[in-house]
Amino acid sequence: MPYSEETASYKFNHTMLRIKDPNISIPFYTDIIGMELIEKHDFSDFTLYFLAFDRSGGNATTSEKKEGRLNREGILELTHNHGTESLAVTPYHSGNSDPRGFGHIAITVANVEEACARFERLGVPFKKRLTDGKMKNIAFILDPDGYWIEVLQDNTADK
């Protein structure tokens with residue numbers, strides 16, 4: 001019995017990933033993936049970046065986006081611990097090698113073939129192309145820190 005009145009207002013608000021360098025990760029998620037930086041919080045030893053897809057058609061103000069952050073789903077929080085950007089390699093584990101843990105995040109796109117062709121043109125590394133393996137309808141790309149991003153066809157996009 002998953003639904004109850006007690007939990008009816010609960011939402012899956014965000015997922016947090018630690019990043020090595022925001023000067024690389026933020027442009028990846030905004031320019032490549034198409035998310036928008038909706039809020040940033042600076043602290044003495046770390047900074048939090050909250051990103052999401054703009055579903056307002058460009059009509060929401062910056063203030064409305066910030067105020068609505070806790071009332072929506074699908075937020076990506078990127079956490080930068082100051083100083084990691086100067087390390088030779090990322091200090092974080094993506095969860096996809098031993099010991100395994102976290103797996104991936106996922107995005108849906110209107111046309112998975114076109115999206116993958118765009119990622120290819122932009123030099124985004126792939127973990128799995130559409131032509132790889134048995135599942136020909138999904139791809140996995142890698143973000144700058146090695147986190148996997150599953151790319152799926154949005155079957156409602158043409159409805």
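Biologist: Which residues lie nearest the centre of the largest pocket?

Modeller: This is a predicted model, and its largest pocket has a volume of about 440 Å³. The lining of that pocket is made up of 22 residues. Those nearest the centre are Met35, Phe53, Gly74, Ala106 and Ile107.

Biologist: Which element gives the most residues to the lining of the largest pocket?

Modeller: Two or more lining residues come from each of strand 1, strand 4 and strand 5. The greatest share, five residues, belongs to strand 5.

Biologist: How many residues of that lining are nonpolar, how many polar and how many charged?

Modeller: The lining of the largest pocket holds 22 residues. By class they divide into four charged, five polar and 13 nonpolar.

Biologist: Is Met35 buried or exposed?

Modeller: Met35 sits in the loop between helix 1 (22-32) and strand 2. Its contacts beyond four places in sequence include Tyr29, Leu51, Phe53 and Gly74. A residue counts as buried under 20% relative accessible area. Met35 has 8%, so the term for Met35 is buried.

Biologist: What distance separates the C-alpha atoms of Met35 and Leu76?

Modeller: Leu76 is among the residues in contact with Met35. Along the chain the two are 41 residues apart. Between their C-alpha atoms the separation is 9.1 Å.

Biologist: In what order do the four strands of the open sheet stand?

Modeller: Strand 1 (14-19) and strand 2 (36-42) each have a single partner strand, so these two stand at the edges, with one side left without a neighbour in the sheet. Neighbouring strands are turned by 20° against each other on average, direction ignored. The pairing is mixed, and the order is 1-4-3-2.

Biologist: Which strand runs parallel to strand 1?

Modeller: Six bridges tie strand 1 to its partner.

Biologist: Why is strand 4 largely enclosed by the rest of the structure?

Modeller: Strand 4 covers residues 75-81. It is also joined by six bridges to strand 3, with the two running antiparallel, and there Phe46 has Asn81 as its bridge partner. Strand 4 is largely enclosed because, of its seven residues, the number buried is six.

Biologist: What is the bridge partner of His41 in strand 3?

Modeller: Strand 2 and strand 3 (residues 46-52) run antiparallel and are joined by six bridges. In strand 3, the residue bridged to His41 is Leu48.

Biologist: What is the relative accessible area of Thr84?

Modeller: Thr84 lies in the loop between strand 4 and strand 5 (104-109). Apart from residues up to four places away in sequence, Thr84 touches Ile19, Lys20, Pro91 and Tyr92. Thr84 is buried, and its relative accessible area is 9%.

Notes: Residues are numbered from 1 along each chain as its sequence is written. This is a predicted model: local features need pLDDT of at least 70, side-chain atom pairs count only at pLDDT 80 or more; totals for chains, interfaces and linings use all residues. Side-chain values use heavy atoms; hydrogens and water are left out. Two strands pair if DSSP finds at least two bridges between them. Axes are lines fitted to C-alpha atoms, for helices over the stretch in contact, and angles run from 0 to 180 degrees between N-to-C directions. Buried means under 20% relative accessible area, exposed over 50%, partly exposed in between (1.4 Å probe, protein chains only). Contact means heavy atoms within 4.5 Å. On a 1 Å grid over the protein atoms alone, a cavity is a set of points where a 1.4 Å probe fits but cannot get out, and a pocket is an open set with protein on both sides within 12 Å along at least five of seven lines; lining residues have an atom within 4 Å of a point. Grid points are joined across faces, edges and corners, and a volume is the space filled by probe spheres set on the points. Ala, Val, Leu, Ile, Met, Phe, Trp, Tyr, Cys and Pro count as nonpolar, Asp, Glu, Lys and Arg as charged, and the others, Gly among them, as polar.
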